[in-house]
Structure formats: C-alpha cells, structure tokens
Amino acid sequence: SLAISGSLIDLMTLDYLNFDQPWWPATLSEQASIQNRLYLCTGDISTNLLWMMQVVFFNKDLIETYHLENPYDLVEGKKWTVDKMIEMTKGIYDDLNGNGIADESDHYGMTLYYQALDANFASAGLLCIDKDENGYFRVSPLLTSENTVNLLTKFCEWVHDSGDVVWSKEISVRKVMQEGRSLFIEDRAFVAKDNLVNQDKFSYGIMPAPVYDENQENYITNVGYPHNIYCISSGISLDRANRAAAVLECMASESYRQVTPALFETSMKVKYAEDEQTSDIYDLIKKNIDFDPARIYVKDFGGDLASLFKNTVIANSTDWASRVNAVSRVSAKKCQLINDTLGK
C-alpha cells in the first residue's frame, strides 16, 4: 500500500543493491517487479521468510507401517505429485474413539491447517497475478486453465468427501500430527520446532508441497504472510536513499553469511531435522519461493483474489468460473491502478 501511494522508491534505481546476489531470491525480482521497477525486497534478510515456508512433514514410522513409497525418492524422482499425495493418504483413516464421527481425535492420512491450501495452488505452478508481454501485472490466464479446474475438483473431493483429511482454521489441528495420528501434515516450516521436535512418538521427515504432475519443471514454495518486507521511503534525499540501500544490501549479505547458516543450516536442517535427506530437501524448498503479486499486494487486491482457491475449496464449491469472473473484474482494475502508479 505504501508503494501504491508513491511513498516508496524504486530499489532498482539505487546504488549498492544487487538483486542478482544469492541473498535475494531470483523469483522476487522476476515476479514482484513491474517494468523492471521493484519497490520492496526480502530474502535471507528475513528469518521469517524461512520459518513461514509451506512444507509437508511426514511420519516415517507410518510410512513403514503402511509399506508406502519412500517420500525422499518420490521428491528426487519428481513423482511427488498431487495425485501421489492423495493416493498415499487413502485408507489410513481410523475412528480411534469409536464415536462414529470424524474428529480431531481420530487417525488420518493428512492434517491440514487451512492456510496450507494456498500452498497447493502455488506449488502446482499456478498464479493469480502474472505479467503480460510488456512486463505489466495482469490477472493470470492460469486462473481459468484446465489445471486449475482439475486441481480444485481433486481438492474438494479429497478434503470433504474422502474421509482421509482432517482440516481446520484452528491451529489445534496440529496436535493430530504431533500425537502421531497422521501420515502427513501440510503447514509452515516452524511446525518442526513448535510441534514436532520435542515429541518422542515417531520420527519425521520433510517434503516440499507437491507439483501438479511430473511434467512440472520445479517444486514451488508458498510462504505464509507473516514475513518481513523491506523498502525505502521516497521522501528522503537520493544520498540518504543510497545509504539506506547500502545498509539493506549489507544486512542481507551478512545474514546470508552468518544468520542463515545458524538458523537454516544448523537449527532447521540439523536440530529440527532427523536425517541428511531432510537437509537436502530444505535446500530444494528454499530454491523456488513464490512471490505471486496477488499476495504481496494483498491489501490492494482486497484479499479475495489471493484466497480464491483456498476459499473455494473450503466452501466445497465447483462453481469456479463464476467465482473467478466475480473477482477478476475488480482485480483487473486493481492491476491497472498498480501498473499506472508503479510501472510508468
């Protein structure tokens, strides 16, 4: 919103900031810039960017109990797809308390904190906002693609009709995985330190959110909203702005060299991991973080667009076309406003 109001300076115009360096995600400048103008940045400079990555944890003991395929082999072979995830959760539900009702006391194939539904939209290579041939934001044609409709249908059936999934808007749902009563949980990376590392009921591993199918080029990682975004005020002199840019570049560079190794390499990949494969998977998860502009400018788009897939799955609705039409008209006008304000 500060960018839209003209309160931020284009970071590409400043000395010292170099977005080709590894401490700035390549996907940031690719997705969040307009006409090669970038008004915000994040990366290794924000520890929350790492903790808020949406991932899938799995119960190693249950993988063995049910004689399922090795999750790490699936990831490495690009066979960790949406269909594979759904397939592996089938037949695992068990009514542990015998009350005839599927509740958080039972045994499941998948535990979902509802925000993770955003992750599956992004991990399938889908976007709400992308760019046209001139580098301006537009409502992505992918919204009405066959892949999007197919993904929505699969998730509505899986989440609501299969009986294999327990989901909730309450974080208490995490206890299902924490107590060893779920094969998978799809949630943010901090669940490892908050919910999994101190339990002694099972061993666990980590995977990225699944790709749409084996033809997709990369695993893509969605990030939860509570992470830090950095910017520089346009209300200061150019000299001061360049000094601020030098500070940002220094902070990011030093964080990449000192903070990330301590947090990411030592804590997340060793203290909160149980094997060497987990360490490699974290590298893969961090490699392609998604910066869909609909999420970065979520307040300006009103939130409806970025949450459209998630809210449609929650509503168990297959009326996707009318929902897209209702939101995209407003979003197209918002795109024009942002393009006119920031891209010219």
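1. The second largest pocket has a volume of about 270 Å³. A pocket here is an open set of points on a 1 Å grid over the protein atoms alone, with protein on both sides within 12 Å along at least five of seven lines, and lining residues have an atom within 4 Å of a point. The volume is the space filled by probe spheres set on the points, with grid points joined across faces, edges and corners. Of the 18 residues lining the second largest pocket, Pro22, Trp24, Pro25, Ala26 and Lys286 are the closest to its centre.

2. This is a predicted model, in which local features need pLDDT of at least 70 and side-chain atom pairs count only at pLDDT 80 or more, whereas totals for chains, interfaces and linings use all residues. Residues are numbered from 1 along each chain as its sequence is written, and side-chain values use heavy atoms, with hydrogens and water left out.

3. The elements that give two or more residues to the lining of the second largest pocket are α1 (26-32), α2 (47-51) and α11 (276-287). Helices are DSSP runs (H or I, at least four residues), numbered from the N terminus. The most comes from α1, with three residues. By class, this lining has 10 nonpolar, four polar and four charged residues. In this scheme Ala, Val, Leu, Ile, Met, Phe, Trp, Tyr, Cys and Pro are nonpolar, Asp, Glu, Lys and Arg are charged, and the others, Gly among them, are polar.

4. The largest pocket has a volume of about 440 Å³. Its lining comprises 23 residues, of which Leu40, Ile229, Arg295, Ile296 and Tyr297 are the closest to the centre. Two or more residues of the lining come from each of α12 (293-296) and α13 (298-301), and α13 provides the largest share, three residues. The lining of the largest pocket divides into 14 nonpolar, four polar and five charged residues.

5. How many cavities of 30 Å³ or more does the model contain? The count comes to one, a cavity being a set of points where a 1.4 Å probe fits but cannot get out. About 70 Å³ of space lies in the largest cavity. Its lining consists of Asp118, Phe121, Ala122, Leu126, Cys128, Asn222, Asp290, Asp292, Arg295 and Ala306. These lining residues are five nonpolar, one polar and four charged. Helix α6 (residues 116-123) gives the most to this lining, with three residues.

6. Helix α6 also packs against helix α7 (residues 146-161), at an angle of about 145° and with the axes 11 Å apart. Axes are lines fitted to C-alpha atoms over the stretch in contact, and angles run from 0 to 180 degrees between N-to-C directions. The crossing of α6 and α7 is right-handed, that is, the near helix is turned clockwise from the far one by less than a right angle. Leu117, Asn120 and Phe121 in α6 meet Thr148, Leu151 and Phe155 in α7, where contact means heavy atoms within 4.5 Å. The residues of this contact are four nonpolar, two polar and no charged.

7. Most residues other than glycine have a negative phi. Gln35, in the loop between α1 and α2, has a positive phi of about 50°. With 32% relative accessibility, Gln35 counts as partly exposed, a class lying between buried (under 20% relative accessible area) and exposed (over 50%), computed with a 1.4 Å probe and protein chains only.

8. Asn316 likewise has a positive phi, near 55°. Asn316 is found in the loop between α14 (308-314) and α15 (320-342). Its relative accessible area is 36%, so Asn316 is partly exposed.
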